[in-house]
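The sequence and the structure come first, and the description follows.

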Amino acid sequence: MVLSESFFRLSALAGFIIILLVILFGYLFFEPYITEDTVTIKVINKAQFGKEKGKYFVFTEDEVFSNSDNYYQNKENADELNLQLYPGSTYKVKVVGVYIPWLPRFRNIISILEINGEPVIKPQSK
């Protein structure tokens, strides 16, 4: 039984697309473990992304960070973190993602570890 050349090309293309999708979704699920980093930033300004809840931009001297809720990064506290960020203050934060200057994708602030050199004390849950 001989397969036609067009069927072979179609199946090769479908296999290639499936492999790309597996790699893409695998990266999205494992991104917090692959790209997590701790950086010190000095906030220059911050802004909300339009009228969207849970999505903010944090402007620093070196780069722009995102502070947004993200299912893949298991983050749902963007509004709380936004209240803790003040322009002119220095923070040690945990970020996830890859920053590429010519690509509009910003690293996401996951948590604040220190504010002006003082550790952040999280309230204990009951």
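## Strand pairing

Val 93 stands opposite Ile 112 in S5. The model is a predicted one, in which local features need pLDDT of at least 70, side-chain atom pairs count only at pLDDT 80 or more, and totals for chains, interfaces and linings use all residues. Residues are numbered from 1 along each chain as its sequence is written, and side-chain values use heavy atoms, with hydrogens and water left out.

Strands here are DSSP runs of E with at least two residues, helices are runs of H or I with at least four residues, and both are numbered from the N terminus. Two strands count as paired if DSSP finds at least two bridges between them. Strand S4 (residues 90-96) and strand S5 (residues 108-115) run antiparallel and are joined by 6 bridges. Within this pair, Val 95 is placed opposite Ile 109 in S5. S4 is also joined to S1 by 6 bridges, and these two strands run antiparallel. Val 39 has Val 93 in S4 as its bridge partner.

Glu 114 has Pro 119 in S6 as its bridge partner. A hairpin is formed by S5 and S6, with 2 residues between them, and Asn 116 in the turn has a positive phi of about 50°.

## The chain as a whole

The chain has 2 helices and 6 strands. Their order along the sequence is α-β-β-β-α-β-β-β. The radius of gyration, taken over C-alpha atoms, is 20 Å, well over the 14 Å that the globule rule gives for 126 residues, so the chain is more spread out than a compact globule. The globule rule is 2.2 Å times the number of residues to the power 0.38. Along the principal axes, the C-alpha atoms fill a box of roughly 75 × 40 × 30 Å.

Buried means under 20% relative accessible area, exposed means over 50%, and partly exposed lies in between (1.4 Å probe, protein chains only). By this rule, 28% of the 126 residues are buried. A contact means heavy atoms within 4.5 Å. Of the contacts in the chain with a separation of 6 or more, 51% are between residues 24 or more positions apart.

## The nonpolar core

A nonpolar core is a set of buried Ala, Val, Leu, Ile, Met, Phe, Trp, Tyr and Cys residues joined through side-chain atoms within 4.5 Å. The largest one has 12 residues: Val 39, Ile 41, Val 43, Val 58, Phe 65, Leu 81, Leu 85, Tyr 91, Val 93, Val 95, Ile 109 and Ile 112. Strand S1 (37-48), S4 and S5 are the elements that give two or more residues to this core.

Val 58 belongs to strand S2 (residues 55-60) and is buried, at 0% relative accessibility. Ile 41 is in strand S1 and is buried at 5% relative accessibility. With the neighbours up to four places away left out, Ile 41 touches residues including Phe 65, Tyr 91, Val 93 and Ile 109. Leu 85, leaving aside neighbours within four places in sequence, is in contact with Val 43, Lys 46, Val 58, Asn 67, Tyr 91 and Ile 112.

## Salt bridges

A salt bridge is a side-chain nitrogen of Lys or Arg within 4 Å of a carboxyl oxygen of Asp or Glu. The count by this rule is 5.

| Glu 5 | Arg 9 | 2.7 Å |

Glu 5 and Arg 9 both lie in helix H1 (residues 5-35), 4 residues apart, about one turn of the helix. Glu 5 is exposed at 54%, and Arg 9 is exposed at 56%.

Glu 36, in the loop between H1 and S1, and Lys 94, in strand S4, link distant parts of the chain, 58 residues apart. Glu 36 is partly exposed at 45%, as is Lys 94 at 24%.

Are Glu 63 and Arg 107 buried or exposed? Both are buried. A network of salt bridges links Asp 37, Glu 63 and Arg 107.
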